[in-house]
Amino acid sequence: MREAERGEIAKNIAYKAMHADMKRDVSQELLKRFRHVAESTQPNLPGFGASALEFTAGVSATPHDRSIVQHAQRLHANGIGGRDLMLRAVTDGLADMHTQQLRQMEQHVYLSGRRDAREVMAAVRTACSGLAEQLAAECCGITPKRAMRATRSRVHADEDLAIQS
């Protein structure tokens with residue numbers, strides 16, 4: 001990553017990549033059913049009236065779907081319900097997905113033998129921080145979807161494109 005592509009540009013690229021991964025790996029049908037169940041489920045005290053959540057019937061579950069469902073069932077058993085249940089379960093599931101992706105990137109970057117591997121991974125972590133929470137809030141309808149805009153700014157003709165070490 002060039003220095004000019006860090007900061008806001010890197011955050012936009014990371015957002016688009018994770019958004020595309022979420023669209024591909026998390027079933028929209030599951031989220032639709034989850035939203036319906038979460039709106040009809042009210043929070044209660046742990047152990048009182050906490051029935052099992054049934055919103056996965058007929059949905060082809062990916063590993064990320066199963067992660068979200070497991071988080072939802074754990075949270076529901078602890079007395080969390082309503083929109084908070086959906087937000088926290090989706091956030092935890094996307095955070096798991098994000099952690100897995102970061103591990104894969106670290107393996108790729110560190111095994112490539114680049115001299116600037118630490119700087120690249122620090123820039124990646126900075127760009128990706130907070131994306132799971134933001135995407136979960138958008139998915140749950142709490143915040144409006146982020147506008148997809150151009151991710152590259154103009155490069156000055158005299159900019160030094162050499163990798164600094």
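**Charged pairs and a helix**

I began with Asp84, which counts as partly exposed because its relative accessibility is 38% (buried is under 20% relative accessible area, exposed over 50%, partly exposed in between; 1.4 Å probe, protein chains only). Its salt-bridge partner is Arg88, at 3.8 Å from N to O; the term asks for a side-chain nitrogen of Lys or Arg within 4 Å of a carboxyl oxygen of Asp or Glu. Both residues sit in helix H4, 4 residues apart, about one turn of the helix. Helices here are DSSP runs (H or I, at least four residues), numbered from the N terminus.

A note on ground rules: this is a predicted model, where local features need pLDDT of at least 70, side-chain atom pairs count only at pLDDT 80 or more, and totals for chains, interfaces and linings use all residues. Residues are numbered from 1 along each chain as its sequence is written, and side-chain values use heavy atoms, leaving out hydrogens and water.

I then checked confidence: pLDDT, the predictor's confidence in each residue from 0 to 100, averages 75 over the chain, and 70% of the residues score at least 70.

Next I looked up Asp92, which forms a salt bridge with Arg74, closest N and O atoms 3.1 Å apart. Asp92 lies in helix H4 and Arg74 in helix H3, so the pair ties together parts 18 residues apart in sequence.

Last, I read along H3, where the buried residues include Ile68, Val69 and Leu75. Just after H3, I found Gly79 with a positive phi of about 95°.

Definitions and conventions: Helices (H or I, at least four residues) and strands (E, at least two) are DSSP runs, numbered from the N terminus.
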